[in-house]
Amino acid sequence: MTTQPLTARPVVPAEPLPLTAPVATTLPARTLVRALLTAACLLIPLSVVTQLAKLSLPDFFARDLLASLFDLGGEANLPSAFSAVILWIACALLWAIGQARRAQADRFARVWLGLSAVFGYLGLDEFAQLHDRTVPILRHLMGGHASGGLHYAWILVFGPLALLVFLATIPFLRNLQARTRNGMVLSGAIYLSGALGLEVVKGVIDEAYGFDSAPMLALITVSESLEIFGVILFIVTLLTYWQEQLPGYRMVIGLREHQSTN
């Protein structure tokens, strides 16, 4: 039996795309929300387990490293990075909605953009814990009277600022549809109850039992969880608003060529 030699078919090179062709991808809103919820439901238990191991188990390989890496109350670690990312996602959504409303000459466009700036700062503060760095200064100004509920003295500055932001946005909130307004108010209440409300209780517990204690671990877990789920609910509210009020609007992120003035 004889066989015929196989001849390779010539490969025709694909036509390269022009450099100006846009590269686009889409991420469904449900996929984004599910990913954020999944990450939150993984990070929170990991923080609890690693912190309990640090508190109650003998030292073992990488025990303290893991506790630091997953500590919900820590800085520059995975939970703080995640918290910063979701705040920056909210920041980007607010900015995009603000740009769309500004193009429509909406009188509340500046409020959307102003809230975007607030969330941008909150993301930076969450990752670097900037508010905690004000505590020694405020305690010095108070003459050492920052104790008990005022142990974390930064709430004396950021609490009134949060109230001012809320008061300034009341006309804006009234102009929104009930579903969006209720979502924003509820998510803000959840976030602030963790970020500010429980901070008063944490100050009392810190002085009574110490920072590295089981009661403090429980409070940190609850407060940080409230912050995370409050921001995720806010993102859901913004995505729903976008789908209902701006159905044809798309946000494109990319680079553009420098336009010469000559």
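A residue is called buried when its relative accessible area is under 20%, exposed when it is over 50%, and partly exposed in between, with a 1.4 Å probe and protein chains only. By that scale P215 is partly exposed, because its relative accessible area is 33%. This is a predicted model, in which local features need pLDDT of at least 70 and side-chain atom pairs count only at pLDDT 80 or more, while totals for chains, interfaces and linings use all residues. Residues are numbered from 1 along each chain as its sequence is written, and side-chain values use heavy atoms, with hydrogens and water left out.

P215 belongs to helix 9, where helices (H or I, at least four residues) are DSSP runs numbered from the N terminus. Neighbours within four places in sequence aside, P215 is in contact (heavy atoms within 4.5 Å) with I205 and Y209. Helix 9 also holds S223, which counts as buried because its relative accessibility is 0%.

What lines the largest cavity? A cavity is a set of points on a 1 Å grid over the protein atoms alone where a 1.4 Å probe fits but cannot get out, and lining residues have an atom within 4 Å of a point. The lining consists of S83, I86, L87, E126, Y191, E227, I228 and V231. Helix 3 (78-103) and helix 9 (214-245) are the elements that give two or more residues to this lining.

Methods:
On a 1 Å grid over the protein atoms alone, a cavity is a set of points where a 1.4 Å probe fits but cannot get out, and a pocket is an open set with protein on both sides within 12 Å along at least five of seven lines; lining residues have an atom within 4 Å of a point.
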